[in-house]
Amino acid sequence: MNERQLRILRELGELGSVTAVAEALLMTPSAISQHLRLLQRSIPVPLTERDGRRLVLTDAGRALAGAAIEVESALARARHCVDEFVDEPAGDVSLAAFHSAGATFFPVLLRGRGPRAPRLSLADEDVAQDHFPRLTRDYDLVLAHHLAHAPPWPRTVTATTLLREPLDVAMPADHPLAREERLTPRDVADRPWITVHDGFPLMATIDAIAAAANRRLDIVHRINEFAVVAETVAAGGGLALMPRWTTRRHPALVLRPLSGVHAVRRIDVLHRPERAARKAVRTVLDELRRAAEAIRGGDDADPGAAGPS
């Protein structure tokens, strides 16, 4: 039993013939008859009977046709509720981000929100790159990091690139390499390094530096949180790769661009396609795009003055 079958039964009771129902519903008479047969299979008593050449409803058929009116009314109310949910501009939107993206984007999203703006629920999720698509089960939007040579996101999620962010080499301001305007893999290969844990995107760039310099890097510390990395670099613990834009300034550090390897990461926003049917989700997507444009607009600043968050 389904909505269309009940609608056909109701129309048959009102219009009095299969042909009339077919014309009203823009269907063929054979299709109408097929739906009636399928409906009858789920009901233990006859719903229709012959009255000469006409097919009419039995008492059970009339009872079910009456109930069909209530079903259609309930479904109409349900659709209206869904439409209101989809079109509600101030609906709830959940957003997850890895740490440095959250530190950059969350404050921008929260400032100056009006009473009709989407209601945000924010969360930090620092996971390996291939785990980000799974988070779209739990969140409307997910900010994810991605390196250019990494496998593409699965087709089950929609991805929009917000930033293509350079990765610079961070060092203390008094480090000998701080005098250089740009560094090469050979410049940095013989220094101690602070890196992320295996499975996180920046490790691929570390491997590319080692390959370009034709030597294995001396990795002495593994730290995922950039705020901790910053303090460790400042204390002389080693060099580290730092995102240029999604970081706070650290007074004891400088960043230097790296040549000879593709030292760039993407920041993408992921979501399941059906989530974007909601106006509130689309509004937050637009807010993220505007925030990214503002972040990119600050790229004229000297990267040497930036530090991690």
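Modeller: Let us begin with helix α5 (residues 99–110) and helix α10 (residues 279–297), which pack with their axes 10 Å apart and at an angle of about 120 degrees. This is a predicted model in which local features need pLDDT of at least 70 and side-chain atom pairs count only at pLDDT 80 or more, while totals for chains, interfaces and linings use all residues. Residues are numbered from 1 along each chain as its sequence is written, and side-chain values use heavy atoms, with hydrogens and water left out.

Biologist: Which word describes how α5 lies to α10?

Modeller: Axes are lines fitted to C-alpha atoms, for helices over the stretch in contact, and angles run from 0 to 180 degrees between N-to-C directions. Angles under 35 degrees count as roughly parallel, over 145 as roughly antiparallel, 65 to 115 as roughly perpendicular and the rest as oblique. The angle between α5 and α10 is about 120 degrees, and therefore α5 is, to α10, oblique.

Biologist: How many nonpolar residues does the contact of α5 with α10 have?

Modeller: Contact means heavy atoms within 4.5 Å, and here T104, F105, V108 and L109 in α5 meet E287, L288, A291, A292 and I295 in α10. Ala, Val, Leu, Ile, Met, Phe, Trp, Tyr, Cys and Pro count as nonpolar, Asp, Glu, Lys and Arg as charged, and the others, Gly among them, as polar. By these classes the contact of α5 with α10 has 1 charged and 1 polar residue, and its nonpolar residues number 7.

Biologist: How do α1 and α3 lie to each other, roughly perpendicular or roughly parallel?

Modeller: Helix α1 (residues 3–15) and α3 have axes that come within 9 Å and cross at roughly 110 degrees. R4, Q5, I8, L9 and L12 in α1 meet I32, H35, L36, L38 and L39 in α3, a contact that divides into 7 nonpolar, 2 polar and 1 charged. Given that angle, the two helices α1 and α3 are therefore roughly perpendicular.

Biologist: Which residues does L25 touch, leaving out those up to four places away in sequence?

Modeller: L25 is found in the loop between α2 (18–24) and α3 (29–41). The C-alpha atoms of L25 and A103, 78 residues apart along the chain, are separated by 56 Å. With residues up to four places away in sequence not counted, L25 touches R7, I8, E11 and I32.

Biologist: How much space lies in the largest cavity?

Modeller: On a 1 Å grid over the protein atoms alone, a cavity is a set of points where a 1.4 Å probe fits but cannot get out, and lining residues have an atom within 4 Å of a point. A search of the whole structure finds 2 cavities of 30 Å³ or more. The largest is lined by 13 residues, of which D126, H145, N224, F226 and R265 are the closest to its centre. The space in this largest cavity is about 120 Å³.

Biologist: How many charged residues are in the lining of the second largest cavity?

Modeller: About 60 Å³ of space lies in the second largest cavity. At least two residues of its lining come from each of β7 (192–195), α8 (202–213), α9 (226–234) and β9 (239–243). The lining of the second largest cavity divides into 9 nonpolar and 1 polar, and the number of charged residues is none.

Technical notes
Helices (H or I, at least four residues) and strands (E, at least two) are DSSP runs, numbered from the N terminus. On a 1 Å grid over the protein atoms alone, a cavity is a set of points where a 1.4 Å probe fits but cannot get out, and a pocket is an open set with protein on both sides within 12 Å along at least five of seven lines; lining residues have an atom within 4 Å of a point. Grid points are joined across faces, edges and corners, and a volume is the space filled by probe spheres set on the points.
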